[in-house]
Amino acid sequence: MTGHLKSELGRADWQGQIAFRDIPQYELSFSASQLDIQKISAGQTIKGNLNLAGTIKGSGLTPAAMNTLAKIDVQRSTVGGVELEQGTLVATIANQRIRIEQGTLRATDATLSVKGDIGTDPKQQGQLDYHVRVNTLSPWLALVDRQGSGSVNLIGGAKGNLDDLKTQGKMTLSGIDFEGTAVQSGSIGYDLGYSSARTLPSGTLNINLSDIRHGYRLQSLEGVVKILAQTPAGFDLDVKVRDAQSRIHTVAARLDYQPAHVVARVTRLTLDLPDGTWRLSQPVTVEQRDQDFLVDRLSMRNNGRELFWMGKSH
């Protein structure tokens, strides 16, 4: 089996053989050059040219039966404003496991590496490590029609299988400016679990940000966000911020989220204001339904003074 294609989409060559037996066997080599990303992807607005070559050799067509080795080399290519310099993927699928022996991608001011294995069957467990470094975010954000700048460094690992995956790691931020919000530096640590039975992951995020600007300025923000394994989506929040005058404000709440309906049950709220510290005297529920806000008995006290609010606003 040999083929060649040359058109306005680009150029592609392939050759190989397939033996249709009880367990099919196959061997295929291919290459593609100057593939027009915009033209081969229906509705895609990102321009670019992709160049790659690879081989696939093995047997079996289902994850349970496959014993396959794949090697793919990405050569110098462009995706939007991103210049891809070189990439390599060497992976096997065998014994109901995907094993990545080498996974690297190098672009201008960015690198990606992945190595390890993961199970394709719930009975199989695996472990892989990954590292993503982006020194200049702006061309990557432009791929999704967003504007911004800064750098990100992500290091983490994952354990489990495709149906039940747990991942831990840390993302470090520097000089972030995105959609009108600026963060000088910070980190987000995560310990998350993904399940095929749920649409959202569950687990914990630990957030530490410094010098935040969004029309106002915060010296720092520290918080823990727990993503609950429930439907509808639920979150436990515990956040402390230090404002530009070094005053500290805190909030702790349970947040239940549905489209057009959000319920926040606030158990702790402190506001350090020029006239003293205001503290929540009892838990309060704040509800948003479409365009309406409902506050159920908000009561805060400060040295004998009391603020009370209950009602509905639009």
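Leaving aside neighbours within four places in sequence, which residues is D256 in contact with? Keep that in mind as you click around; the model is a predicted one.

**Stop one: D256.** Select strand β16, residues 248-258, and pick out D256 there. Now show what surrounds D256: the contacts are Q230, A233, G234, H261, V262, V263 and R265, with neighbours up to four places along the sequence left out. Two of these deserve a distance label. Draw one between the side chains of D256 and R265, where you get a polar contact of 2.6 Å. Draw another to the side chain of Q230, for a polar contact of 3.1 Å. D256 has a relative accessible area of 19%, so it counts as buried, the cut-off being under 20%.

**Stop two: T270.** Next, select strand β17, residues 261-273, and go to T270. T270 is buried too, at 14% relative accessible area. Then zoom in on T250, whose side chain makes a 2.6 Å polar contact with the side chain of T270.

**Stop three: the surface.** Switch to a surface view and select M1, L5, W14, I18 and F20. Together they make a nonpolar patch with about 560 Å² of accessible area. One of them, L5, belongs to strand β1, residues 2-7. L5 counts as partly exposed because its relative accessibility is 42%.

How values were computed:
Residues numbered from 1 in each chain as written. Predicted model: local features only at pLDDT ≥ 70, side-chain atom pairs only at ≥ 80, totals over all residues. Heavy atoms only, no water. Patch = residues over 30% accessible without salt bridge, like charges linked within 9 Å, V, L, I, M, F, W, Y side chains within 5 Å. Areas by Shrake-Rupley, 256 points an atom, 1.4 Å probe, with all protein chains shown as cover. Salt bridge = Lys/Arg side-chain N within 4 Å of Asp/Glu carboxyl O. Helix = DSSP H or I, 4+ residues; strand = E, 2+ residues; numbered from the N terminus. Buried < 20%, exposed > 50% of the residue type's maximum accessible area, 1.4 Å probe, protein only. Contact = heavy atoms within 4.5 Å. Polar contact = N/O pair within 3.5 Å; in protein donor to acceptor, adjacent residues only side chain to side chain.
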